[in-house]
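Colleague: I'm new to reading models like this one. Could you walk me through a few features, one at a time?

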Amino acid sequence: MTTYESWRELSASSGLFFFVALFAGILAYALWPSNREKFRRAAETPLRED
């Protein structure tokens, strides 16, 4: 029989894994070399005169 404590432990562990994996994916996307030019142009957007 499952108890509240076992469900809480399972959800805490899976939630931690999910957010660590999400953070790693976002970090990899942000630091991927092919995205460098796109982010550089986005950073310069406020400085452009239209």
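This is a predicted model: local features need pLDDT of at least 70, side-chain atom pairs count only at pLDDT 80 or more; totals for chains, interfaces and linings use all residues.

Modeller: Residues are numbered from 1 along each chain as its sequence is written, and side-chain values use heavy atoms, leaving out hydrogens and water.

Colleague: Where is the place of Phe19?

Modeller: Phe19 is in helix α1, residues 4–31. Helices (H or I, at least four residues) and strands (E, at least two) are DSSP runs, numbered from the N terminus. The protein chain has two helices and zero strands.

Colleague: How do I read an aromatic pair?

Modeller: A pair of aromatic rings is described by the distance of the centres and the angle of the planes. Rings of Phe, Tyr and Trp (its six-membered ring) pair if their centres lie within 6.5 Å; planes under 30 degrees apart count as stacked, over 60 as edge-to-face and the rest as tilted. The whole structure has two aromatic pairs. Phe18 and Phe19 form an edge-to-face pair, 5.1 Å centre to centre with 70° between the planes. For Tyr29 and Phe39, the ring centres are 5.8 Å apart and the planes are at 90°, so this pair is edge-to-face. Tyr29 lies in helix α1 and Phe39 in helix α2 (residues 36–44), so the pair ties together parts that are ten residues apart in sequence.

Colleague: And how do I read salt bridges?

Modeller: Side chains of opposite charge can pair when their charged atoms come close. The cut-off is a side-chain nitrogen of Lys or Arg within 4 Å of a carboxyl oxygen of Asp or Glu. This structure holds three salt bridges.

Colleague: Which residues form a salt bridge with Arg40?

Modeller: One partner is Glu37, with the closest N and O atoms 2.4 Å apart. Glu44 is another, at 2.9 Å between the closest N and O atoms. Salt bridges with shared partners join Glu37, Arg40, Arg41 and Glu44 into one network. Within it, the side chains of Arg41 and Glu37 meet at 3.8 Å, N to O. Arg41 and Glu37 are four residues apart in helix α2, about one turn of the helix.
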